[in-house]
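Trainee: Could you take me through the nonpolar core of this model in some detail, and then through what lies around it? I am new to this structure.

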Amino acid sequence: MKQPWSEVMPVVQFRVARPTDQLDKVVEFYTKGLGLKVIGSFNEHDGYDGVMLGLPGFAYHLEFTQHKDGSPCPAPTEDNLLVFYIPDKGARDRIAGNLEEMGHLPVEPENPYWGRSGITFEDPDGWRVVLQNTAGIGPN
C-alpha cells in the first residue's frame, strides 16, 4: 500500500528564500507588479530585514532578505525561473501590463517553450519570472 504524501513528506509550509541588495524594489516588483501580498516581515533580526510574499491562505511563499552589510546575489542563468501558472489569459496580460507600466519589459526566454504560452520578465535583481498562460500540471 502506498503511503499518503502527508506521511512521506509531512510538510505544512514551503518557502523559497533569497537575498537581495534592493529589498524595496524587489518587494514592489512582486507586490505592485505581480499582485502578491506581504504576509510577514521582520526588521533588524541578526542584521537582516526580510519580507515574505505570497497569497493569503496558501502554504507556500517567497522570502526576500537584505543584510545591513549588503547581500550580494548575482542572478543565476537565464533558465532559472519562477513560473506562475495563470489559466486566464486576460489576467495574465493585465499582470504583464502592470509590470510594463512599472518599466519592466518582457525578455526573450532562454528555453523557447516558455515563450509559447508565457511572458518572461526579469525582477530588479535579474532573476527571471514567467507568467505562463496554462493551468499547470494539476494535483497528483
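Mentor: This is a predicted model. Its largest nonpolar core has 20 residues, and the members that touch the most others are Phe29, Tyr30, Leu34, Leu53, Phe64, Phe121 and Leu131. Two or more core residues come from each of these elements: helices H2 (23–33) and H3 (89–101), and strands S3 (48–54), S4 (60–67), S6 (118–122) and S7 (128–132). H2 is the element that gives the most, with five residues. In general terms, nonpolar side chains in soluble globular proteins tend to be buried together.

Take Leu34 as one example. Leaving aside residues up to four places away in sequence, the list for Leu34 is Phe29, Phe84, Ile95, Leu99, Val129 and Leu131. Of the core members named above, Phe29 and Leu131 are among the residues that Leu34 touches.

Leu53 in S3 is the bridge partner of Val38. Strand S2 (residues 37–45) pairs with S3 in the antiparallel sense, over six bridges. S2 and S3 form a hairpin with two residues between them, and in the turn Asp46 has a positive phi of about 55 degrees.

Now the surface. Val8, Met9, Val11, Phe14, Val16, Leu55, Phe58 and Tyr60 make a nonpolar surface patch of about 740 Å². Phe58 is found in the loop between S3 and S4.

Terms used
Residues numbered from 1 in each chain as written. Predicted model: local features only at pLDDT ≥ 70, side-chain atom pairs only at ≥ 80, totals over all residues. Heavy atoms only, no water. Core = buried A, V, L, I, M, F, W, Y, C linked by side-chain atoms within 4.5 Å. Buried < 20%, exposed > 50% of the residue type's maximum accessible area, 1.4 Å probe, protein only. Helix = DSSP H or I, 4+ residues; strand = E, 2+ residues; numbered from the N terminus. Contact = heavy atoms within 4.5 Å. Patch = residues over 30% accessible without salt bridge, like charges linked within 9 Å, V, L, I, M, F, W, Y side chains within 5 Å. Areas by Shrake-Rupley, 256 points an atom, 1.4 Å probe, with all protein chains shown as cover. Salt bridge = Lys/Arg side-chain N within 4 Å of Asp/Glu carboxyl O. Pairing = 2+ DSSP bridges.
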